[in-house]
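Please read it with the coordinates open.

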Amino acid sequence: MEMKQQTLGTDIAIVLGTRPEIIKMSPVIRALERAGAPFFVLHTGQHYSYDLDRVFFEELELPCARYNLEVGSGSHGEQTGRMLIAVEEVFAKEHPALVLVEGDTNSVLAGALAATKLHINVGHVEAGLRSYDRQMPEEINRVLTDHCSDYLFAPTENARRILLGEGVPDEKIYVTGNTIVDAVFQNLEIARSDAASDVTALGLEPKEYFLVTLHRQENVDSRSRFAAILEGLDRIATQFGLPVVYPIHPRSRKMMMQFDLRATNLRIIEPLSFLGFLQLESNARLILTDSGGVQEESCILGVPCITLRDNTERPETLEVGANILAGAQPDRIVTGTGLMLQRRNDWTNPFGDGTAGEKIVKTVIEA
Ligand code: UD1
Ligand code: UDP
């Protein structure tokens, strides 16, 4: 189908759809507001449950999305395809001057692809991350998004080197730090001063519990892998005698029920708000996770991390000594826990100084 060349408007479109995108785009949105730059939020509706979506808009005081496409859940092709159709309709109506996406979800790919096909410039926040594991849907999304973007906001020099190695021209790459540092710095004090502490409410003692998140498709959609990780977590609860708290992602809850898996030694709770989760993270003795954002946050907060995956696109966390990979083997989870409990948490945060949002906005406004 032929697309007419459109005259572009002045608004920047922020396309987002899931929990980490809302959190990591919040510093960019704040910086746009401060700069008085016209923008609007286009929510794909990939995440829609209150505690994966609305709660973050409320807590971070973000402007409501001008559009919510209510795409919901589905297979990759179905979900991404529905987004692509609906995002294109919005862009054709709004003619945004630029589209900003953050991360590696299906919403990111749909937003970037729809914009590129309409000759609208795309800025990719968190560009240049690679796990080199093409089985992960996120890896495909980030490679494709990077290669159709016009502004690549790399969080670290390492990410820049990866992009250069793939032939991305240097003039398209901006090393800004990761916006998660901004989000943590902007919210940690508020989280700490929150009288209704989630740590206390859960009956936990600071530094006397382990915190877990686990939701990645390759972990929880495989019965054997999910069961092995739960066994490892169950064993650390017994062996180290500390509560293991797991705010569970709805995907994982659904798969646990479907596979009829149990984890009697874990404290499974509902997903938390960002402030609540930050409190739990900063007070945890150790974090075990397969989340990208949580690997970064533990590193920023000085809490040792065990990544329940065979690889990571955040190698900086391994290099500074904040994180180790344990895969899905119970023995490695147990030994890794013993090892990380000994680790001195005096590493330097490799993800920037908390001004990534400002730098990104300055770049796109001056362009
Ligand atoms: C998606 C991203 C993943 C990211 C995660 C953040 C892709 C390919 N995956 O994974 O990279 O780490 O978001 O949390 O884009 N569900 C609900 N309520 C919701 C949303 C989902 O109950 O609001 C349940 C549904 O059963 C759904 C399942 O979770 O089928 C998976 O949701 P989906 O958005 O497809 O993937 P995530 O696992 O959330
Ligand atoms: N998070 C949250 N509540 C929770 C679990 C996580 O607010 O119960 C936040 C966490 O602080 C981080 C983000 O969600 O900023 C990570 O999102 P997720 O793990 O879903 O996705 P990923 O980062 O793996 O793409």
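1. Largest cavity, main contributor. With 3 residues, α6 gives the most to the lining of the largest cavity. Helices here are DSSP runs of H or I with at least four residues, strands are runs of E with at least two, and both are numbered from the N terminus. A cavity is a set of points, on a 1 Å grid over the protein atoms alone, where a 1.4 Å probe fits but cannot get out; a pocket is an open set with protein on both sides within 12 Å along at least five of seven lines; lining residues have an atom within 4 Å of a point.

2. Basis of the note. The model is predicted, and local features need pLDDT of at least 70, side-chain atom pairs count only at pLDDT 80 or more, while totals for chains, interfaces and linings use all residues. Residues are numbered from 1 along each chain as its sequence is written, chains are lettered from A and ligands numbered from 1 in the order in which they are written, and side-chain values use heavy atoms, with hydrogens and water left out.

3. Cavities. The structure holds 2 cavities of 30 Å³ or more. The volume of the largest cavity is about 70 Å³, where grid points are joined across faces, edges and corners and a volume is the space filled by probe spheres set on the points. The largest cavity is lined by 15 residues, and those closest to its centre are Leu-129, Pro-155, Thr-156, Glu-313 and Glu-316. At least two lining residues come from each of α6 (157-165) and α14 (315-319). By class the lining has 6 nonpolar, 4 polar and 5 charged residues, with Ala, Val, Leu, Ile, Met, Phe, Trp, Tyr, Cys and Pro counted as nonpolar, Asp, Glu, Lys and Arg as charged, and the others, Gly among them, as polar.

4. Largest pocket. The largest pocket holds about 1200 Å³ of space. Its lining has 49 residues, and Thr-18, Pro-20, His-47, His-215 and His-249 lie nearest its centre. Two or more lining residues come from each of α1, α3 (76-94), α5 (137-147), α11 (250-258), α12 and α13. The largest share, 5 residues, is from α1. The lining divides into 15 nonpolar, 21 polar and 13 charged residues.

5. Ligand 1. Ligand 1 takes the space of the largest pocket; the criterion is that more than half of a molecule's atoms lie within 2 Å of the grid points. Around ligand 1 there are 21 residues, the closest being His-47, Tyr-48, Ser-49, Glu-138 and Arg-251; a residue is near if one of its heavy atoms lies within 4 Å. The shell has 5 nonpolar, 11 polar and 5 charged residues. α11 gives the most to this shell, with 3 residues.

6. Polar contacts of ligand 1. A polar contact is a pair of N or O atoms within 3.5 Å. A side-chain N or O atom of His-47 is 2.7 Å from an oxygen atom of ligand 1. The side chain of Ser-49 has a polar atom 2.7 Å from a nitrogen atom of ligand 1, and that of Lys-254 has one 3.0 Å from an oxygen atom of the ligand. On its own ligand 1 has 750 Å² of accessible area, of which the protein covers 88%; areas come from the Shrake-Rupley method with a 1.4 Å probe.

7. Ligand 2. Ligand 2 also sits in the largest pocket. The elements giving two or more residues to its shell are α1 (19-35), α12 (274-283) and α13 (292-301). The shell numbers 17 residues, with Arg-216, Leu-272, Ser-291, Gly-293 and Glu-297 closest. Its classes are 9 nonpolar, 5 polar and 3 charged.

8. Polar contacts of ligand 2. A polar backbone atom of Leu-272 is 2.7 Å from a nitrogen atom of ligand 2. Oxygen atoms of ligand 2 lie 2.9 Å from a polar backbone atom of Gly-292 and 2.8 Å from a backbone N or O atom of Gly-293. Taken alone, ligand 2 exposes 540 Å², and the protein buries 95% of that.

Note on methods:
A polar contact is a pair of N or O atoms within 3.5 Å; within protein, one must be able to donate a hydrogen and the other to accept it, and residues adjacent in sequence count only if both atoms are side-chain atoms.
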